[in-house]
Amino acid sequence: MSTAIDTPAAEKLTKKALTADHPTWCPGCGDFAVLNIFYRVLEKLQYPHENIVCVAGIGCSSRFPYFMNTHGIHFIHGRALPLATGISLSRPDVHVFVFGGDGDGFSIGGNHLNHAARKNIKLTYVIMDNFVYGLTKKQTSPTSPIGFKSKTDPTGSIDRPINPMRQLLASGATFIARTHAAQVKHMEAMFERAILHDGFSVVECLSECVMFYSGAFDDSWPKKGGTFETIDEAQHDVTDETAAFKMAENLAPGKFGVYYQVNHPTKNALEQKWIDETQSKLGGISQKEILKKRFEAMR
Amino acid sequence: MSSVSAPSSSSAPTSLRNAVIRFAGNSQDGIQSIGGFLARLAGRTAQEVMTYMTIPSTISGGPSIFQVHLGSGEVLHEGDEADVLVAFYKHSYQNHIGSLRKGGICFYDTADMTAEDLKQDSGIIHIGVPFTSATVEAVGGSTRDRGKNMFVLGMVCAVFNLDKEKLVGIVSRQFGRKDESVLRNALLAFDAGFAYQVGDVEKFAFVPGEAPGSHRISADGNQMMTLGLIAAGVRYGSAYPITPWSSIMETLRVELPKYGGIYVQAEDELAAVAMTIGAAFAGHLAITGSAGPGLSLKMEALGYASMAEIPLICVNVQRGGPSTGLPTSVEQSDLMQAIYGSHGDSPRIVLAPKDVEDCFYIALEAGKLAKKYSCPVIILSDQALSSRIEAFEEPDLDKHWVEPELDLATRPADFKPYPLDAITRHAPPGAKMAGGKYPIATGLEHDEMGHPSGSPKMHTLMTAKRRNKLVQLSKELPLPEIHGDTSGDVLVVGWGSTFGPIKESVTRMRSEGHKVGAVHLRHLHPMPAGLGDLFKQYKHVVCVEMNDSGLYGYGQLATLLRASLADPRIQSVCKTDGLAFRIREIVTGVEKIMTQA
């Protein structure tokens, strides 16, 4: 399919152009808002349409790529981040967005989250955290609070849940934010800052599962009587890791905003630096000549 | 050791066609490096060579051997018996004296053994040499354990009349990169060994090699696999360290940046295959690899690559299994896993190189097939191929080089990621879609556009689409070449690193008057169409494999062939001792089957 055909004129990236299949999520699911805000941020950033890639593993929220009319890949459970790593490192020209839930990110894919973060891979990861396994119809998730009754814990969950902010801080992610699917303006600001961050950026977005964990995030939803407390960056230095850990002590409901942001070289940049240094020593000979010389040394 | 002239007095060397020399010591003695020097020398002097080594799977130390089979004709195996044994220690002598043929020569270090330790009346010529003290004397004191290997190399060089100048050149190039004193000490020890008077022992000289060609190189299988992957256009991938695969990823990590690529050390096997699929989805030819335990872990993602029709290469350097098994031994027991390892019907291509040189060409072929059929290609190498050194003709890169390409051309408006009437050709990120509809790669069953589909009809059609690619390939594959008789008593069927020993065994059986042929399968899934007709030309068909004969009496390849060809004459010669086949094991096994019926 390499036949060259006329390139269409540069299109304006609109919500319409970005919309694919109608989402199969349950009515009222928090993920609809995430999708809508993601359209809005992309409309604002106006990246070339063909250079946007959406990646996901398995779960309700991981259906995301089907609803985006962009290059997409729907992978296996828990491995979206290493897959996205392969895309990001080998294609510096594309923008890589990864979507998933708490099971995909903190349970079956937990190890990958640590390593993609510490390697500071250039990509943006949105975790739609609903504190429950929804696709498989209500089992305990790694973020389910103690006492949560599910089909696998009918008398209430007994395992301490993961603290997503502390987990991400410990893993070495260079941009960590927390938002709420019902707070669309806040979510938009977090997504935009995450995408513009040069490195591994992750946003945990509390997104309610109306079928299996209704009311999970009411305590941070003003409309439902909760308080949505945002981080005042005049008071919180986002480069202060210790302060971020302290702030993450209690996430019920906790604060929303950027917990942590620092600039470190990305693996993408460090690998390219190594390539440039290696190639500069080769005196501009062709790739075939490099291999020929290697064989000569084996004679 | 086959002489071409009668033994003569010690002043005139006996002419030799080939010789098997076994060095036995501990892994820190540097016997692998002297073996490597000899192998490289053979390559340079147009001699054939095949090496064999054992490495203990401990962190450091432990008994280790390196065996070199040098020859002026074709060398197909590492040698059933040694002609010369060099024993560094008493334990080396005790463990390996049995591998020396009657009338063979044993050199032993007098520092660790006395005449009382020697096996008497064995028909073996024992020669005590003070490797340790002579080395200390030559190098000067402090380097007690270092340099013994170079002393031995010098001694072997003198006994076999090897080309000293070339050998010193190879040694100098190897040590030249290190501290100056390292090379000086190495050469002092070498010269002392060369000058050492071993006494009234026969001297030998190889007849000039007949191997033609302008440029011969010597390398091990992992090196050739790596360079083949680069020549095939591989620039990206990821892996996790595991014996005996690791040296491929180490080399790719260092080499790929020269070609503008990146090789990533992943956090685990699952991430490694996922990153590789990511790079492949992004439009590159990418490769992951491992040994058996890692291949098991990669299986879910490889099944995804079958389903989503993502082209990639996965190298599996087989070792003894199951589980952690025998990490530094050879076995061919991953064939079934390579073909059928993932859940569901998940067709993929499985290839196996037949010798070290073929590791290069199989990697090239894997690259072409992955791209052509847009599916995973598994290469089954093994521990023996990974580490043994052979000499062969340098590949002609002008003929074989594949330039990597990233096809970002705009795709036409009627583009479908999963067409039912054609092989999938993915549009990577960065490719514009003229129709405005962007594609998605997916592991859910899907329709032609990649939309999830649970339709019974669609699953049937798509399953057939993925399978029929391989049916097409099986028809395109040439029938393997027959070595020996094209009809007769028995056809020996093999795959992988057993190529040389099987070929040598067939030659031996034919010389005994049997009508014997051999075929070696490089394409294991799919196999070339028409094998059944070829089998019909023989009274017996025997598969020779390094795996277990299982519950029903057949090895893994034999089981597959019996199932696909329904030919009850197919029998097995199997073994599971973690060692490469000896010629006499194959001959005895095949002859037993021949005489049974």
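## A strand pair across the chains

In β17(B), Ile440(B) is the bridge partner of Gly72(A). Three bridges join β2(A) to β17(B), residues 440-442, and the two strands run parallel. Strands pair here if DSSP finds at least two bridges between them. Helices (H or I, at least four residues) and strands (E, at least two) are DSSP runs, numbered from the N terminus.

## Basis of the model

This is a predicted model: local features need pLDDT of at least 70, side-chain atom pairs count only at pLDDT 80 or more, and totals for chains, interfaces and linings use all residues. Residues are numbered from 1 along each chain as its sequence is written, while chains are lettered from A and ligands numbered from 1 in the order in which they are written.

## The contact between A and B

Chain A gives 52 residues to the contact and chain B gives 60. Two residues are in contact if their C-beta atoms, placed from the backbone, lie within 7 Å. On the chain A side, the elements giving two or more residues are α3 (64-67), β2 (71-74), α4 (80-90), α6 (110-118), α10 (267-280) and α11 (287-296). The largest share is that of α4(A), with eight residues.

By class, the chain A side holds 24 nonpolar, 18 polar and ten charged residues. Ala, Val, Leu, Ile, Met, Phe, Trp, Tyr, Cys and Pro count as nonpolar, Asp, Glu, Lys and Arg as charged, and the others, Gly among them, as polar.

## Helix α2 of chain A

Gln46(A) follows α2(A), with a positive phi near 50°.

The buried residues of α2(A) are Asp31(A), Val34(A), Leu35(A), Ile37(A), Phe38(A), Val41(A) and Leu42(A). Their cover includes α1, β1, α3, β4, α8 and β8 of chain A. Why is Val41(A) buried? Because 21 other C-beta atoms lie within 10 Å of Val41(A). The cut-offs are 20 or more such atoms within 10 Å for buried, 12 or fewer for exposed, and partly exposed in between. Beyond its neighbours within four places in sequence, Val41(A) contacts Glu188(A), Phe191(A), Glu192(A) and Ile195(A).

## Helix α3 of chain B

Helix α3(B) spans residues 131-139. Buried here are Phe131(B), Ala134(B), Thr135(B), Val136(B), Ala138(B) and Val139(B). Among the elements covering them are β6, β7, α4 and α6 of chain B. Gly140(B) comes next, with a positive phi near 100°.
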